[in-house]
Amino acid sequence: MLMRTDPFRELDRFAQQVLGTAARPAVMPMDAWRDGEQFVVEFDLPGIDTNTLDIDIERNVVTVRAERPAVDPDREMLATERPRGVFSRQLVLGENLDTDKIAAAYREGVLRLTIPVAEKAKPRKISVDRGNGHRAIDENAPEREVIDA
């Protein structure tokens with residue numbers, strides 16, 4: 001069987017594996033969405049050494065680092081398409097998220113970060129003073145105090 005080799009095709013394939021593409025990053029692909037009053041971010045990290053998984057938060061920047069161990073040098077590899085080594089990704093979070101209450105879980109090769117919306121960013125009702133001499137009830141007061149309007 002005759003096989004034709006295209007060195008530029010192989011170089012392009014290698015570059016896509018290492019650098020990724022705009023549609024599919026090679027190292028740490030993620031999904032993010034809002035679920036009620038929290039944001040959820042999931043990273044695909046199959047085969048990583050969980051002891052190397054590290055999440056740092058500095059102000060509103062979350063940095064995720066992980067390592068997939070190198071292949072045993074004594075092993076005769078037939079294909080090596082999965083990237084190995086240390087991976088890192090940073091997310092800049094908005095001011096409306098509570099970075100003090102981020103929760104993280106790693107299951108079945110997926111790292112999930114759950115980030116609650118900050119109390120100051122949640123919608124709330126404001127009562128309007130109608131100036132007609134009626135008394136309004138403050139809905140935020142624990143004992144339903146009556147306030148002169």
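View 1. Strand β3 (residues 54-58) pairs with strand β4 (residues 61-68) in the antiparallel sense, over 5 bridges. Strands here are DSSP E runs of at least two residues, numbered from the N terminus, just as helices are H or I runs of at least four; two strands pair if DSSP finds at least two bridges between them. The two strands make a hairpin with 2 residues between them, and R59 in the turn has a positive phi of about 60°. Across the pair, D54 stands opposite R65 in β4. A word on provenance: this is a predicted model, where local features need pLDDT of at least 70, side-chain atom pairs count only at pLDDT 80 or more, and totals for chains, interfaces and linings use all residues. Numbering starts from 1 along each chain as its sequence is written, and side-chain values use heavy atoms, with hydrogens and water left out.

View 2. D54 and R65 meet in a salt bridge at 3.7 Å, N to O, a salt bridge being a side-chain nitrogen of Lys or Arg within 4 Å of a carboxyl oxygen of Asp or Glu. Because D54 lies in strand β3 and R65 in strand β4, the pair ties together parts that are 11 residues apart in sequence. R65 also forms a salt bridge with D56, with the closest N and O atoms 2.8 Å apart. Salt bridges that share partners therefore join D54, D56 and R65 into one network. How exposed are these residues? Partly exposed means a relative accessible area between the buried cut-off (under 20%) and the exposed one (over 50%), using a 1.4 Å probe and protein chains only. D54 is partly exposed at 32%, R65 is partly exposed at 34%, and D56 is partly exposed at 34%. By this rule the count of salt bridges comes to 4.

View 3. β4 and strand β5 (residues 85-92) pair over 8 bridges in the antiparallel sense.

**View 4. The β1-β2-β7-β6 sheet.** Here 4 strands form an open sheet in the order β1-β2-β7-β6, and the pairing is antiparallel. The edge strands are β1 (30-35) and β6 (103-107), each pairing on one side only. From one strand to the next, the twist averages 15°. β1 and β2 pair over 6 bridges in the antiparallel sense, and W33 has V40 in β2 as its bridge partner. Their hairpin has 2 residues between the strands, and G36 takes a positive phi near 65°. On the other flank, 7 bridges join β2 to strand β7 (residues 110-116), again antiparallel; F39 stands opposite I115 in β7.

**View 5. E42 and R112 across β2 and β7.** E42 is found in strand β2 (residues 38-44). R112 forms a salt bridge with E42, the closest N and O atoms being 2.6 Å apart. The pair links distant parts of the chain, with R112 in strand β7 and E42 in strand β2, 70 residues apart. The side chains also make a polar contact at 2.6 Å; that label covers a pair of N or O atoms within 3.5 Å, where, within protein, one must be able to donate a hydrogen and the other to accept it, and residues adjacent in sequence count only if both atoms are side-chain atoms. R112 is partly exposed, with a relative accessible area of 35%. Leaving aside neighbours within four places in sequence, E42 is in contact (heavy atoms within 4.5 Å) with residues including P29, W33 and V110.

**View 6. The nonpolar core.** The largest nonpolar core has 16 residues, and M28, V41, F43, L45, V64, L93 and L113 have the most contacts inside it. Such a core is a set of buried Ala, Val, Leu, Ile, Met, Phe, Trp, Tyr and Cys residues joined through side-chain atoms within 4.5 Å. β2, β4, β5 and β7 are the elements that give two or more residues to this core. Beyond its neighbours within four places in sequence, L45 is in contact with M28, L53, A66, Y106, G109 and L111.

Methods
Axes are lines fitted to C-alpha atoms, for helices over the stretch in contact, and angles run from 0 to 180 degrees between N-to-C directions.
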